[in-house]
Amino acid sequence: MKTFKPRLIIFLLGLLFLSSCVIKSLHPFYTKDLIYFEKKFIGNWQDLENGSWQILPIQEVILKENKKTNPSQLDKDQLSIYNNYKHGYAVYFEKDSTKTLFLAMPFKIKNQLFLDFTPIEDSESDSLKNSLYKMHLIKTHTLAKFDIISDNEVNIKWLASKKLEALLNENRIKIKHEKVGFDETVLLTASSTELVKFIDKYMSSKDEDKWKTDVEVTMKRIHE
Amino acid sequence: MNNNNLKSNKHAIQKAVLFNGVMWFITFIILLFIFSEDTRPKKIDFVYTCSFLTTIIIPVLLNFYIFIPLLLKKEKYIFYVIAFAINIITFTQLNIWFFDYFIDFIFPDYYFVSYHSNIKLIFIFSVFLVITTLIKLSIDWFYFNKQENADLKQKNQQIGMQLALLRSQINPHFLFNSLNVIYALAIGKKEETKDAIVQLSDILRYVIYDSNTTRVSLKDEITLLKNYTEFQQFRYLDTGNVSFNFSISNHDYQIYPMLLLPLVENSFKYGIKGDINNTFINITLTQKDNLFNFCIENNFSKNEIEANGYSGLGNKNLKKNLEIVYPDQHEFKISKKETTFTVNLKIFQK
């Protein structure tokens with residue numbers, strides 16, 4: 001027990017640091033009418049901290065995972081997933097010998113591109129955790145501002161949770177949310193329509209540091 | 001008059017201010033509770049509720065002070081419904097625009113994200129207008145009812161005063177005629193003078209004490225008429241032929257006091273007292289169930305009528321009395337032939 005306690009505290013502190021960085025939501029940050037597929041993002045990229053990013057159209061991944069060549073060959077459930085996310089990206093992120101897979105849905109509000117990230121389970125990451133552990137997890141969505149600097153360089157900035165927390169503390173925002181977990185992480189429970197409304201208004205904010213964040217990635221294309 | 005109008009306007013304005021003050025305060029509390037969604041209201045909730053109230057005040061006041069008085073209260077129901085619908089549609093749309101666009105310009109530092117959807121806002125807006133209309137109508141009805149009761153009391157008081165005035169006119173009129181009769185007997189040093197005085201005293205006792213109620217029994221009223229006709233006959237014994245026939249099924253049938261006496265008085269005045277021969281007065285009184293019928297017929301002197309007119313004060317008072325005490329329950333007919341005059345009074349009490 002004596003050795004366990006400090007470990008738990010360190011783990012919780014780490015969790016606090018990681019989980020409180022970006023805004024998380026139960027619902028996607030986009031509505032279907034805003035989806036905007038940008039081809040330029042497809043390819044292999046490397047960030048400044050040696051992380052590798054492989055971006056694929058999700059539709060290809062769905063067909064490949066199901067060993068089909070055409071969407072018409074998919075069964076009803078698979079086809080529904082395919083249709084819902086066909087304009088999204090499968091984002092493979094590899095760093096420090098770990099590999100994770102995300103679904104990133106691109107959408108545009110007032111000519112600004114955004115990405116809605118949500119983790120997807122794949123066989124590799126699945127094998128790392130037992131089923132009881134996985135039963136306790138729920139996938140959330142995060143919001144990232146997506147800027148294509150050039151054909152070979154993109155920048156992704158996740159919206160920092162401290163911005164939202166400040167608005168909540170100042171009673172300047174009415175948005176459905178819950179505080180969850182040990183660290184009382186703010187989890188947005190507002191509908192996608194409400195989240196879009198929030199992003200729209202937030203974009204007009206006069207706060208010069210509104211996109212300032214601790215979680216920012218600048219990627220450069222890897223030419224093979 | 002101007003002072004009264006000013007006072008009344010001031011009172012109406014005070015009432016409207018009080019009504020609106022209370023209503024909007026309660027509305028603010030209720031809406032604040034609705035918009036806060038069971039949590040302790042925050043600064044943003046106050047801002048949102050105030051904004052919502054601002055958008056709803058204009059249509060509600062339009063409804064209260066233009067559509068209801070000019071259309072609904074003037075029974076232009078279809079126009080009112082149309083105006084009400086246009087009012088809701090127009091201001092609901094303005095409300096949606098306000099919360100979609102303008103509120104962000106007015107309050108750029110606030111994020112009104114998770115409030116009600118447009119559909120819910122339309123619902124709240126419509127329900128609010130309907131409820132406030134019902135409240136306004138209820139309150140107006142309350143004041144209207146209060147005013148109507150006050151008017152009714154005043155009217156009753158006026159009727160009471162009018163009846164008292166009419167009765168006070170009958171008594172001296174009757175007394176004046178009666179004293180003339182006794183005077184005539186006294187001048188002639190008639191034996192019957194003392195009997196006449198006793199009879200007059202009976203009549204006056206009835207007039208002064210017994211008739212001072214809203215209704216008397218028909219039996220008492222017949223006794224009065226009998227006393228009166230007999231009393232008058234002291235004077236016109238030799239010249240007049242007076243018959244009084246009655247048939248009544250209920251002696252306790254209630255009737256307004258002193259109703260018939262003026263008719264009998266007039267018959268004596270213009271018939272028997274006139275300058276004609278073979279004068280007569282035929283009185284017939286019947287009562288069965290709710291129907292009362294009184295008919296009096298006499299011949300008359302043309303000269304007397306031309307000089308004074310027949311109706312006189314007695315008939316006028318009687319007509320006024322009947323309109324007040326038996327509205328829509330009586331029939332009063334006067335018919336005049338060449339030599340005879342007939343008055344017929346029917347009362348059909350409901």
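Strand E9 of chain A, residues 173-174, pairs with strand E1 of chain B in the parallel sense. The pairing runs over 2 bridges. Within E1(B), B:Phe112 is the bridge partner of A:Lys174. The model is a predicted one. For the complex, the predictor gives an ipTM of 0.76 and a pTM of 0.60.

The contact between the chains involves 13 residues of chain B and 12 residues of chain A. On the side of chain B that touches chain A, helix H2 (43-72) and strand E1 (111-112) each supply at least two residues. H2(B) gives the largest share of that side, with 4 residues. By class, the side of chain B that touches chain A holds 7 nonpolar, 5 charged and 1 polar residues.

Confidence was examined for chain B. Its mean pLDDT is 81. A value of 70 or more is reached by 86% of the residues of chain B. Among the elements of chain B, strand E6 (residues 291-299) has the highest mean pLDDT, 91. Helix H8 (residues 302-308) of chain B has the lowest, 56. Where pLDDT is low, predicted coordinates should not be read in detail.

The two chains were then described one by one. Chain A has 224 residues, of which 25% count as buried. Its secondary structure comprises 7 helices and 12 strands. Among contacts in chain A between residues at least 6 apart in sequence, 63% join residues at least 24 apart. Chain B has 350 residues, and buried residues make up 25% of them. Chain B contains 9 helices and 8 strands. In chain B, 70% of the contacts between residues at least 6 apart in sequence join residues at least 24 apart.

The largest nonpolar core has 56 residues. The residues with the most contacts inside this core are A:Ala104, A:Leu115, A:Ala144 and B:Tyr111. With neighbours within four places in sequence left aside, A:Leu115 is in contact with A:Ala104, A:Met105, A:Pro106, A:Ala144, A:Phe146 and A:Ile156. A second, separate core has 34 residues. Its members include B:Leu200, B:Ile203, B:Val207 and B:Phe231.

Several strands of chain B pair in the antiparallel sense. Strand E5 (residues 279-288) of chain B is joined to E6(B) by 8 bridges, and the two run antiparallel. B:Asn293 in E6(B) is the bridge partner of B:Thr286. E5(B) and E6(B) form a hairpin with 2 residues between them. In the turn of this hairpin, B:Asp289 has a positive phi of about 55°.

E6(B) also pairs with E8(B), in the antiparallel sense and over 9 bridges. In this pairing, B:Glu297 stands opposite B:Thr342 in E8(B). Strand E8 (residues 340-348) of chain B is joined in turn to E7(B) by 7 bridges, again antiparallel. The bridge partner of B:Glu331 is B:Lys346 in E8(B). A hairpin of 3 residues links E7(B) to E8(B). E7(B) is hardly covered. Among its 7 residues, the count of buried residues is 0.

Backbone angles pick out a residue in a loop of each chain. In chain A, A:Lys110 has a positive phi of about 50° although it is not a glycine. A:Lys110 lies in the loop between strand E5 (98-109) and strand E6 (112-120) of chain A. A:Lys110 counts as exposed because it has 8 C-beta neighbours inside 10 Å, the cut-off for exposure being 12 or fewer. In chain B, B:Asp328 has a positive phi of about 60° and is likewise not a glycine. B:Asp328 is found in the loop between helix H9 (312-325) and strand E7 (330-336) of chain B. With 7 C-beta neighbours inside 10 Å, B:Asp328 therefore counts as exposed.

Notes:
Residues are numbered from 1 along each chain as its sequence is written. Chains are lettered from A and ligands numbered from 1 in the order in which they are written. This is a predicted model: local features need pLDDT of at least 70, side-chain atom pairs count only at pLDDT 80 or more; totals for chains, interfaces and linings use all residues. pLDDT is the predictor's confidence in each residue, from 0 to 100. A nonpolar core is a set of buried Ala, Val, Leu, Ile, Met, Phe, Trp, Tyr and Cys residues joined through C-beta atoms within 7 Å. A residue is buried if 20 or more other C-beta atoms lie within 10 Å of its own, exposed if 12 or fewer, and partly exposed in between; C-beta atoms are placed from the backbone. Two residues are in contact if their C-beta atoms, placed from the backbone, lie within 7 Å. Ala, Val, Leu, Ile, Met, Phe, Trp, Tyr, Cys and Pro count as nonpolar, Asp, Glu, Lys and Arg as charged, and the others, Gly among them, as polar. Two strands pair if DSSP finds at least two bridges between them.
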